[in-house]
Amino acid sequence: MPSIVPFNDLHAQYLSIQGEIDAAVANTIRNSAFIRGPEVDAFERNFAAAIGVKHCVSCANGTDALFIAYRALGLQPGDEVITSAHSWIATSEAITQAGGTAVFADTDPATFTIDPADVARKITPRTKGIVPVHLYGQPADLAALQALATKHGLWLVEDCAQAHLAHFAGKTVGTFGAIGTVSFYPGKNLGAMGDAGCLGTNDDRLAAFAAKFARHGGLRKGDHEIEGINSRLDGLQAAILNAKLPHLERWTRARQALAQAYDQRLAGVGDLVLPAVAAGRNHVYHLYVIRTGQRDALRDHLAARGIQTQVNYPTALPFLPAYRRLGHAPADFPQAHRDQAQVLSLPLFPEMTPAQIDLVVEQIKVFFSGQMTR
Ligand SMILES: *Cc1c(COP(=O)(O)O)cnc(C)c1O
């Protein structure tokens, strides 16, 4: 059956600012500014200002941003980096690619973000850093994680791929750790029309290394101080991101209003556990993720009625074939293991209409009607 409520609608967003996007793209083509160029420089300045960091270094995607961050922090073979059991694989994959060892910590029961108490248990003499993920758009417990990092002399890298403009205790995420990494994958809260990413830092030395490393180890053609990689934000993506960035605050407020509507209208329905936002944390709802013991049946019910949902993610990182070598069992990460069977991401995008929200809410209620409510 054709989808009547898509999970996301990137075309609706394009249509809402079509003139601005088309002009930005045409201008870049007219100037042939495809690699680096004024749009890339402008975006680095604009995004640094938007989150409140001194330097923004653009790169090809959010996974590269993590890889570049780990390399900038001098990760060496044998170094351990603690990250969340519940994330997209990019977070941990880049640790391995940079030569380190990924060590997983479980999440806290309410927020899906890394549990500082479990991080503390995982710290060894080989631990070099902690990588919280602001999952689904909610900041991790940055106060507790910063205290742990300071106490043990560790660095903090924030994976902000899902949390553009989210804040913790009034300060924007990405500004707490040594480095914050960002993805502009098309479906993210600020999305390009292709791959794009960046990292932010207040540290001059880290920014200089990252910029150099991402551009073949040298900022001037032919001047390679080190061996680096080729990871560039291209001019067309930068132009599109510059056109979209001024709308990000408005889109974020729209996401928050839609989440509030779901919160109000789904409260007490079936066995649903709605997203909990911890005190002092500002959630930007990259995803609106509910939990239910009947996840797969609910998902099928909605799909049969043209309502698209997603599971983010069906298998927690330690249980993926890619990490079989670590030999983890469900009991090692009880929260992440519980959540992989129960999480369901509902449609949520800034252009979503009241009629679309009505349909989702109505069909969830139909699914649970006749069943025992709590
Ligand atoms: C999207 C995402 C990334 C990677 O970003 P890409 O731009 O797709 O490489 C990293 N971490 C998390 C948590 C993400 O959601």
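The model holds 3 cavities of 30 Å³ or more. A cavity here is a set of points, on a 1 Å grid over the protein atoms alone, where a 1.4 Å probe fits but cannot get out. This is a predicted model: local features need pLDDT of at least 70, side-chain atom pairs count only at pLDDT 80 or more, and totals for chains, interfaces and linings use all residues. Residues are numbered from 1 along each chain as its sequence is written, and side-chain values use heavy atoms, with hydrogens and water left out.

**Cavities**
- The largest cavity has about 60 Å³ of space. Grid points are joined across faces, edges and corners, and a volume is the space filled by probe spheres set on the points.
- Its lining includes Asn8, Asp9, Leu10, Gln13, Lys188 and Arg255. Lining residues have an atom within 4 Å of a point.
- That lining has 4 nonpolar, 4 polar and 4 charged residues. Ala, Val, Leu, Ile, Met, Phe, Trp, Tyr, Cys and Pro count as nonpolar, Asp, Glu, Lys and Arg as charged, and the others, Gly among them, as polar.

**Largest pocket**
- The largest pocket holds about 610 Å³ of space. A pocket is an open set of points with protein on both sides within 12 Å along at least five of seven lines.
- It is lined by 29 residues; Trp88, Tyr185, Lys188, His286 and Tyr313 are the closest to its centre.
- By class, the pocket lining has 12 nonpolar, 13 polar and 4 charged residues.
- Helix 4, helix 5 and strand 8 (179–183) each give the lining at least two residues. Helices (H or I, at least four residues) and strands (E, at least two) are DSSP runs, numbered from the N terminus.

**Ligand**
- The ligand sits in the largest pocket; that is, more than half of its atoms lie within 2 Å of the pocket's grid points.
- Around the ligand are 14 residues, with Gly62, Thr63, Asp159, Ser183 and Lys188 the closest.
- Helix 4 (62–72) and helix 5 (90–97) each supply at least two shell residues.
- A backbone N or O atom of Gly62 is 2.7 Å from a ligand oxygen.
- A polar side-chain atom of Lys188 is 3.1 Å from a ligand oxygen.
- A side-chain N or O atom of Asn61 is 3.5 Å from a ligand oxygen.
- The protein covers 92% of the 380 Å² of accessible area that the ligand has on its own, by the Shrake-Rupley method with a 1.4 Å probe.

**Backbone**
- Asn312 and Tyr313 are joined by a cis peptide bond, with omega about 15°.
- Tyr313 lies in the loop between helix 11 (295–304) and helix 12 (334–342).
- Phe112, a residue other than glycine, has a positive phi near 65°.
- Phe112 lies in the loop between strand 3 (101–105) and helix 6 (116–122).

How values were computed:
Near = heavy atom within 4 Å. Polar contact = N/O pair within 3.5 Å; in protein donor to acceptor, adjacent residues only side chain to side chain.
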